[in-house]
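Subject: Structure handover

Hello,

Here is the structure I promised you. Please open it and keep it beside this email as you read.

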Amino acid sequence: MRDIESINEFNAIVLEEKSKDIVVEFWMPCPQSDAMISVMQEFEKETELDVIRVNVDENPEIAKEYNVISVPHVFRFSDGEIVTESEGAVPLPVLLQRLT
């Protein structure tokens, strides 16, 4: 997992690098997001998809662009477009069902 520092970094990885699917977790320091850390780590290992994390407090413009109003909120991007998403803290089997 990798934390995104800026909108330029987000755009370069998610929107411009279209050769592979990317999973993006929007999060903030809170119990729900904390609960998803290990789930996202396991998801990344099990699916071999790259996972990046966007802190909504530090990158509100990215969260606003994707209408993220609650966290955690996870999107799967393919060719720079959202193909599926999952909202809320969920166990790994649910996340796998929603995003794969």
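How many bridges join β2 to β4, and do these strands run parallel or antiparallel? Five bridges join them, and the two strands run antiparallel. One note before going on: this is a predicted model.

The sheet

β2 and β4 belong to an open sheet of five strands. Read across, the order is β1-β3-β2-β4-β5, and the pairing is mixed. β1 (2-3) and β5 (81-87) stand at the edges. Each has a single partner strand, so one side of each is left without a neighbour in the sheet.

Two helices lie across these strands. α4 (residues 92-99) lies across β2, β4 and β5, at about 155° to β5.

The cores

In soluble globular proteins, nonpolar side chains tend to be buried together. Here, the largest nonpolar core has 18 residues. Those with the most contacts inside it include Phe10, Val14, Val24, Phe26 and Ile52. Another core lies apart from it, with 13 residues, among them Met36, Val51, Leu95 and Leu96.

Val24 stands opposite Phe75 in β4. Leaving aside neighbours within four places in sequence, Val24 is in contact with Phe10, Val14, Ile52, Val54, His73, Val74, Phe75 and Phe77.

The rings

A pair of aromatic rings is described by the distance of the centres and the angle of the planes. A search of the whole structure finds seven aromatic pairs. One of them is Tyr66 with Phe75: the centres are 6.1 Å apart, the planes are at 50°, and the pair is tilted. Tyr66 and Phe75 are both buried.

Why is the pair of Phe75 and Phe77 tilted? Their planes are at 55°, which falls between the cut-offs of 30 and 60 degrees, so the pair counts as tilted. Their ring centres are 6.2 Å apart. Phe75 has 2% relative accessibility, so Phe75 counts as buried. Phe77 is at 1%, so Phe77 counts as buried too.

Ring pairs link Phe10, Phe26, Tyr66, Phe75 and Phe77 into a cluster. Look also at Trp27: Arg53 lies over the face of its ring, 4.1 Å from the ring centre.

Best wishes

Key. Residues numbered from 1 in each chain as written. Predicted model: local features only at pLDDT ≥ 70, side-chain atom pairs only at ≥ 80, totals over all residues. Heavy atoms only, no water. Core = buried A, V, L, I, M, F, W, Y, C linked by side-chain atoms within 4.5 Å. Buried < 20%, exposed > 50% of the residue type's maximum accessible area, 1.4 Å probe, protein only. Contact = heavy atoms within 4.5 Å. Phe/Tyr/Trp six-rings, centres within 6.5 Å; stacked < 30°, edge-to-face > 60°. Lys NZ or Arg CZ within 6 Å of the ring centre and 35° of its normal. Pairing = 2+ DSSP bridges. Helix = DSSP H or I, 4+ residues; strand = E, 2+ residues; numbered from the N terminus. Axes fitted to C-alpha atoms, helices over the stretch in contact; angles between N-to-C directions.
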